[in-house]
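Here is a short briefing on one protein model. Keep the sequence and the 3D view open while you read.

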Amino acid sequence: NNREIITPALFPVVDPFKQDVPIGKLKTEFGFDQVITSAYLMSKRLKDKSLDEYPAVHQYLDFDGMVMMDSGSYQLMLYGDIELGPVDTIKLQEHVRPDIGVIMDHPIGFDVSYQEAKRRIETTLANIDTSIPYFEGSKINWTLPIQGGKYHDLMKYYLEKVTKPEIIDNFSFYALGSVVPVMIQQKYEILVKMIATSKLYLPITQP
């Protein structure tokens with residue numbers, strides 16, 4: 001979308017409604033040309049408005065750099081259920097036009113059983129199938145979440161499914177999911193294995 005980014009790059013997380021540090025300062029004083037915000041939080045902040053009334057996210061944030069928008073999956077992991085489904089988040093993001101968008105996956109977390117992790121994997125795969133038809137004509141760079149968490153065999157199972165051309169060719173960005181709880185637990189061996197497994201399966205042509 002006529003924007004460039006040099007990797008590696010940090011994306012500060014910003015609330016779409018309120019920033020403790022004015023977002024303009026993130027760019028002018030701290031040198032961040034990119035931020036990430038949340039479709040879920042935007043839907044909560046603008047809940048009294050119809051989708052047609054939602055402003056473009058760059059305008060809303062008053063930020064002319066790169067904007068990535070998460071789907072609301074993190075809140076889904078925290079709360080178990082949210083008032084935003086996989087189609088809702090795609091439609092919202094298409095309307096507000098971030099540079100990078102993310103589909104609604106279901107993060108694994110850390111303290112979940114193997115059976116629950118497998119269920120969440122299958123939910124994410126179903127959400128991918130639901131989301132892809134809405135990408136037609138999109139100018140958003142859509143992100144494919146990589147799930148499996150600490151369960152190495154589930155990650156391999158998931159990657160074998162999503163790296164089929166009919167799925168992976170629809171995405172231009174990959175995001176390793178369920179990393180935060182692994183890092184909170186300081187399970188760096190698991191983290192390295194998650195990264196290495198992803199790199200083994202994913203094409204090297206996309207970030």
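D62 counts as exposed, because its relative accessibility is 64% and the cut-off for exposed is over 50%. The structure is a predicted model.

**Backbone exceptions**
- Most residues other than glycine have a negative phi, and most peptide bonds are trans.
- D62 is not a glycine, yet its phi is positive, at about 55°.
- D62 sits in the loop between α3 (57-61) and β2 (66-70).
- Q186 also has a positive phi, near 55°, and is a residue other than glycine.
- Look for Q186 in the loop between α9 and α10.
- Q186 counts as exposed, with 55% relative accessibility.
- T7 and P8 are joined by a cis peptide bond, with omega about 0°.
- P8 belongs to the segment before α1 (23-28).

**Nonpolar cores**
- The largest nonpolar core holds 30 residues.
- Its residues with the most contacts inside the core are I128, L144, Y158, V162 and F171.
- Two or more residues each come from α6, β4, α7, α8, α9 (179-184) and α10.
- Helix α7 gives the most to this core, with 5 residues.
- A second, separate core has 15 residues, among them V14, V35, F63 and V67.
- I128 touches I103, L144, Y158, V162, I167 and F171, leaving out residues up to four places away in sequence.

**Helix α7**
- Which residues of helix α7 are buried? They are L154, M155, Y158, L159 and V162, in a helix that spans residues 152-162.
- Seen down the axis of α7, these buried residues fall within an arc of 135°, so they line one face of the helix.
- The cover over the buried residues of α7 includes α6 (114-131), β4 (141-146), α8 (165-168), β5 (173-176) and α10 (188-201).

- G148 is in the loop between β4 and α7. Its relative accessible area is 0%, so G148 is buried.
- Beyond its neighbours within four places in sequence, G148 contacts I108, I121, L154 and M155.
- G148 and T28 are 120 residues apart along the chain, and their C-alpha atoms are separated by 38 Å.
- Q93 is part of helix α5 (residues 86-96). Q93 counts as buried, because its relative accessibility is 0%.
- With neighbours within four places set aside, Q93 contacts A39, M69, S71, P98, G101, V102, I140 and W142.
- M42 is part of helix α2 (residues 39-45). M42 is buried too, at a relative accessible area of 0%.
- With neighbours within four places set aside, M42 contacts P16, Y54, P55, Y60, M69, L92 and V96.
- M42 and M69 are 27 residues apart in sequence, and C-alpha to C-alpha they are 9.8 Å apart in space.

**Second largest pocket**
- Rolling a probe the size of a water molecule over the atoms shows where empty space is left.
- The second largest pocket has a volume of about 180 Å³.
- It is lined by 13 residues, and those closest to its centre are N1, R97, P98, K139 and I140.
- The lining of this pocket divides into 4 nonpolar, 4 polar and 5 charged residues.

Terms used: Residues numbered from 1 in each chain as written. Predicted model: local features only at pLDDT ≥ 70, side-chain atom pairs only at ≥ 80, totals over all residues. Heavy atoms only, no water. 1 Å grid on protein atoms, 1.4 Å probe; cavity = no way out; pocket = protein on both sides within 12 Å on 5 of 7 lines; lining within 4 Å. Points joined across faces, edges and corners; volume = space filled by probe spheres on them. Nonpolar A, V, L, I, M, F, W, Y, C, P; charged D, E, K, R; others polar. Buried < 20%, exposed > 50% of the residue type's maximum accessible area, 1.4 Å probe, protein only. Helix = DSSP H or I, 4+ residues; strand = E, 2+ residues; numbered from the N terminus. Arc of directions from axis to C-beta. Contact = heavy atoms within 4.5 Å. Core = buried A, V, L, I, M, F, W, Y, C linked by side-chain atoms within 4.5 Å.
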